[in-house]
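Subject: Structure handover

Hello,

Here is the structure for you to look through. Please open it first, then read my notes below.

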Amino acid sequence: MRFKPLLINPSIALLCLGFSLNAQALEFRSIALPKAILYDAPSAEASKIFILSQGYPVEVIVNLGTWIKVRDQLGGLSWVESKSLVNKRTVLVTVKTDIKSSEDASSALVATVEKDVVLEMLSPTIKNGWVKVKHRDGITGFVQASTVWGAN
């Protein structure tokens with residue numbers, strides 16, 4: 001018995017690959033050091049682009065082991081040494097927002113935080129559009145996921 005080779009249309013193969021890549025969950029980490037240098041290539045000899053402060057969330061794009069390509073909140077891509085990152089999840093406030101006592105807009109106000117404040121993400125998931133967070137001063141509560149970056 002002879003089998004005929006299976007021919008796959010290249011367009012369909014690329015489409016299937018695209019669906020599988022989109023199904024992957026986004027990976028976020030945060031800056032571990034007081035200051036981390038970001039480069040335009042995976043090398044300490046590359047051009048330094050800018051510095052990020054401790055706690056700033058970044059999205060992992062490519063992991064080469066000692067170097068990681070990351071995306072920042074503005075969409076910029078750069079390289080950082082992996083030792084500069086931790087798995088601790090943080091989010092960056094994108095617009096002035098309220099921290100609420102529960103996952104409900106009508107719940108009690110706990111605090112208001114300004115744009116560009118970093119908050120620790122206490123729950124790994126978004127529930128009903130809300131994220132449980134903790135401010136560096138110890139305040140905990142919930143913010144709407146649409147008002148922070150790094151929660152997806």
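Glu114 is partly exposed, with a relative accessible area of 45%. Here buried means under 20% relative accessible area, exposed means over 50%, and partly exposed is in between (1.4 Å probe, protein chains only). This is a predicted model, where local features need pLDDT of at least 70 and side-chain atom pairs count only at pLDDT 80 or more, while totals for chains, interfaces and linings use all residues. Residues are numbered from 1 along each chain as its sequence is written, and side-chain values use heavy atoms, with hydrogens and water left out.

Salt bridges

Which residue does Glu114 meet in a salt bridge? The partner is Lys96, at 3.7 Å from N to O. A salt bridge is a side-chain nitrogen of Lys or Arg within 4 Å of a carboxyl oxygen of Asp or Glu. Glu114 lies in the loop between β10 (109-113) and β11, and Lys96 in the loop between β8 and β9 (97-100), so the pair ties together parts that are 18 residues apart in sequence. Strands (E, at least two residues) and helices (H or I, at least four) are DSSP runs, numbered from the N terminus. Lys96 is exposed, with a relative accessible area of 54%.

The structure holds five salt bridges. Another one of them joins Lys88 and Glu120, at 3.9 Å from N to O. Lys88 sits in the loop between β7 (85-86) and β8 (90-93), and Glu120 in strand β11 (residues 118-121), so this pair ties together parts 32 residues apart in sequence. Both ends are partly exposed: Lys88 has a relative accessible area of 44%, and Glu120 has 26%.

Arg29 also forms a salt bridge, with Glu27. Their closest N and O atoms are 2.9 Å apart. Is Arg29 buried or exposed? Arg29 is buried, at 15% relative accessible area. Glu27 is partly exposed, at 34%.

Aromatic pairs

There are two aromatic pairs in the structure. Rings of Phe, Tyr and Trp (its six-membered ring) pair if their centres lie within 6.5 Å; planes under 30 degrees apart count as stacked, over 60 as edge-to-face and the rest as tilted. Take Phe28 and Trp149: their ring centres are 5.3 Å apart and their planes stand at 85°, so the pair is edge-to-face. Phe28 lies in strand β1 (residues 28-31) and Trp149 in strand β14 (residues 148-149), so the pair ties together parts that are 121 residues apart in sequence. Phe28 and Trp149 are both buried.

Now take Tyr39 and Trp67. Their ring centres are 5.4 Å apart with planes at 85°, so this pair is edge-to-face too. Tyr39 belongs to strand β2 (residues 35-39) and Trp67 to strand β5 (residues 67-71), so the pair ties together parts 28 residues apart in sequence. Tyr39 is buried at 6% relative accessibility. Trp67 is buried at 11%.

At 0% relative accessibility, Ile68 counts as buried. What does Ile68 touch, not counting residues up to four places away in sequence? Its contacts (heavy atoms within 4.5 Å) include Arg29, Val60, Val62, Trp79 and Leu85. The C-alpha atoms of Ile68 and Ala41 are 9.8 Å apart, and these residues are 27 apart along the chain.

Ser84 lies in the loop between β6 (77-81) and β7. Ser84 is buried, at 5% relative accessibility. Leaving out residues up to four places away in sequence, Ser84 touches Ser30, Ile31, Ala32, Leu33 and Ala36.

The surface

Ile61, Val62, Leu64 and Leu77 make a nonpolar surface patch of about 310 Å². Patches are made of residues with over 30% relative accessible area and no salt bridge: like charges are joined within 9 Å, nonpolar side chains (Val, Leu, Ile, Met, Phe, Trp, Tyr) within 5 Å. Ile61 is in strand β4 (residues 57-63). Ile61 counts as partly exposed, at 33% relative accessibility.

The whole chain

The protein chain has one helix and 14 strands. Of its 152 residues, 34% are buried. The accessible surface comes to about 9,600 Å², with 55% belonging to carbon and sulfur atoms. Accessible areas come from the Shrake-Rupley method with a 1.4 Å probe; for residues, only the protein chains shown count as cover. Among contacts between residues at least 6 apart in sequence, 50% join residues at least 24 apart.

Best wishes
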